[in-house]
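This briefing goes through a single protein chain, from its overall build to individual residues. Please keep the sequence and the coordinates at hand while reading.

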Amino acid sequence: RKPNGLVYSDNGKPEVFKGTISKVEHSFSFLNMDGTQASVFIYRFHDHSFDWDTLRTGDRVVFNLGFNFRGPIAVNVAILD
């Protein structure tokens, strides 16, 4: 479940993406990334800047995009106010 790599911008820092939470379960969630039809997995037990129990469908979030052998995965997720 851990990401094997992150998407970096031209300045060498991890690229920041935005999206909307589309599904929330006990230990995982999915979000729809802005500007694409991509559904991105979020694993509950990665480091995030929010309490998982406050996450709701429709919440706007920012995140870094990583990849593992199953596909894209959101890391460093933060809920937008």
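**Overall architecture**

Read from the N terminus, the elements of the chain follow the order β-β-β-β-β-β, and the secondary structure amounts to zero helices and six strands. The model is a predicted one, and the values below are computed from it.

**Dimensions and surface**

- The chain has a radius of gyration of 12 Å, which agrees with the value near 12 Å that a compact globule of 81 residues would have.
- Taken along the principal axes, the box filled by the C-alpha atoms of the chain is roughly 35 × 25 × 25 Å.
- Of the 81 residues, 35% count as buried, while the accessible surface of the chain comes to about 5200 Å², with 51% of that surface belonging to carbon and sulfur atoms.
- Among the contacts in the chain with a separation of 6 or more, 55% are accounted for by residues 24 or more positions apart.

**Strand β5 and its partners**

- Strand β5, which covers residues 60-68, is largely enclosed by the rest of the structure, because seven of its nine residues are buried.
- Strand β1 (residues 5-6) runs antiparallel to β5 and is joined to it by two bridges, with Gly5 having Phe67 as its bridge partner in β5.
- Strand β2 (residues 16-24) also pairs with β5 in the antiparallel sense, over five bridges, and in this pairing Gly19 stands opposite Val61 of β5.
- Strand β6 (residues 71-79) is antiparallel to β5 and connected to it by seven bridges; the two strands form a hairpin with two residues between them, and Asn68 stands opposite Gly71 in β6.

**The largest nonpolar core**

- The largest nonpolar core has 13 residues, of which Leu31, Ile42, Phe63, Ala74 and Val77 touch the most other members.
- At least two residues of this core come from each of β3 (28-33), β4 (39-43), β5 and β6, and β5 gives the most, with three residues.
- Once neighbours within four places in sequence are left aside, Ala74 is in contact with Leu31, Val40, Phe41, Ile42, His46, His48, Phe63 and Asn64.

- The side chain of His48 reaches the backbone oxygen of Tyr43 at 3.0 Å.
- Not counting residues up to four places away in sequence, His48 touches Ile42, Tyr43, Ala74, Val75, Asn76 and Val77; Ala74, one of these, is also among the core residues that touch the most other members.

**Ala38, in the loop between β3 and β4**

- Ala38 lies in the loop between β3 and β4 and is partly exposed, because its relative accessible area is 25%, a value that lies in between the cut-offs of 20% for buried and 50% for exposed.
- Apart from neighbours within four places in sequence, the residues in contact with Ala38 are Leu31, Asn32 and Met33, and Leu31 is also listed among the contacts of Ala74.
- Ala38 and Val62 are separated by 24 residues in sequence and, from C-alpha to C-alpha, by 15 Å in space.

How values were computed. Residues are numbered from 1 along each chain as its sequence is written. This is a predicted model: local features need pLDDT of at least 70, side-chain atom pairs count only at pLDDT 80 or more; totals for chains, interfaces and linings use all residues. Side-chain values use heavy atoms; hydrogens and water are left out. Buried means under 20% relative accessible area, exposed over 50%, partly exposed in between (1.4 Å probe, protein chains only). Helices (H or I, at least four residues) and strands (E, at least two) are DSSP runs, numbered from the N terminus. Two strands pair if DSSP finds at least two bridges between them. A nonpolar core is a set of buried Ala, Val, Leu, Ile, Met, Phe, Trp, Tyr and Cys residues joined through side-chain atoms within 4.5 Å. Contact means heavy atoms within 4.5 Å. The radius of gyration is taken over C-alpha atoms; the globule rule is 2.2 Å times the number of residues to the power 0.38. Accessible areas come from the Shrake-Rupley method with a 1.4 Å probe; for residues, only the protein chains shown count as cover. A polar contact is a pair of N or O atoms within 3.5 Å; within protein, one must be able to donate a hydrogen and the other to accept it, and residues adjacent in sequence count only if both atoms are side-chain atoms.
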